[in-house]
Amino acid sequence: MNKIKKYYLYIISGILFFGIVYNTPNSNKKEEKNMNKTIKTDKEWKDCLTPEEYKILREKGTEMAFTGKYYKHKEEGVYICAGCGDNLFSSKTKYDSGTGWPSFWEPISGDKIKEEIDKSLPFVRTEILCNNCGGHLGHVFNDGPNPTGLRYCINSVSLDFKAEEDK
Ligand code: FE
């Protein structure tokens with residue numbers, strides 16, 4: 001009888017030990033990773049975005065060149081993500097690339113954007129996504145102006161604008 005009790009005690013201690021060792025750090029990591037991030041289901045995105053925003057932000061679409069509301073926009077302020085409102089680009093880094101899409105030579109800070117390899121065309125491009133909500137913003141190319149030499153080519157639909165006085 002005692003042996004059986006001891007046996008169960010070992011099993012229970014084992015379960016508790018592995019529970020603590022394996023579950024606790026994992027769940028902490030998960031929380032850390034998702035901290036401050038906007039995470040929504042596909043249905044939630046459909047409900048809160050316009051069909052055009054959904055197509056570009058969530059399905060990686062591209063607006064027609066020279067049709068977007070911001071490609072000629074010259075006000076001072078901050079361009080924010082149309083999906084989650086996070087700050088993405090300053091008007092100070094916006095320039096006219098002649099491509100018909102809003103273009104910037106640098107994001108407001110490196111941690112605001114995420115880069116992914118995009119092989120959807122015969123040539124490989126670097127896709128730019130909002131690091132907070134994962135929304136598709138556009139692509140980055142190496143033909144930009146100084147000081148970075150980069151061209152962040154962004155869909156107007158993926159952006160909203162906060163004028164300097166609204167900050
Ligand atoms: Fe976002």
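Quick housekeeping. What you see is a predicted model, where local features need pLDDT of at least 70, side-chain atom pairs count only at pLDDT 80 or more, and totals for chains, interfaces and linings use all residues. Residue numbers run from 1 along each chain as its sequence is written.

Okay, the layout. We've got three helices and nine strands in the protein chain; these are DSSP runs, H or I of at least four residues for helices and E of at least two for strands, numbered from the N terminus. Going along the sequence, the order reads α-α-α-β-β-β-β-β-β-β-β-β.

Now the sheet. E2, E1 and E9 make an open sheet, in the order E2-E1-E9, with antiparallel pairing; strands pair if DSSP finds at least two bridges between them. E2 and strand E9 (159–163) are at the edges with a single partner strand each, so one side of each has no neighbour in the sheet.

Next, the hairpins. Strand E5 (residues 113–118) runs antiparallel to E6 over six bridges, and six residues sit between the two strands of that hairpin. Ile113 finds its bridge partner in E6, namely Cys130. E6 also pairs with E7, again antiparallel, over four bridges, with Leu129 bridged to His136 in E7. That E6 and E7 hairpin has five residues between its strands, and Gly134 takes a positive phi near 80 degrees there.

So what's in the middle? The largest nonpolar core has 24 residues, a core being a set of buried Ala, Val, Leu, Ile, Met, Phe, Trp, Tyr and Cys residues joined through C-beta atoms within 7 Å. Leu88, Ile128, Cys130, Tyr152, Ile154 and Leu159 have the most contacts inside it. Elements giving two or more residues to this core include helix H3 (51–58), strand E1 (77–81) and strand E6 (125–130).

Which residues does Leu88 touch, leaving aside neighbours within four places in sequence? Contact here is C-beta atoms, placed from the backbone, within 7 Å. Among the partners of Leu88 are Tyr79, Ile113 and Cys130.

Methods. A residue is buried if 20 or more other C-beta atoms lie within 10 Å of its own, exposed if 12 or fewer, and partly exposed in between; C-beta atoms are placed from the backbone. Two residues are in contact if their C-beta atoms, placed from the backbone, lie within 7 Å.
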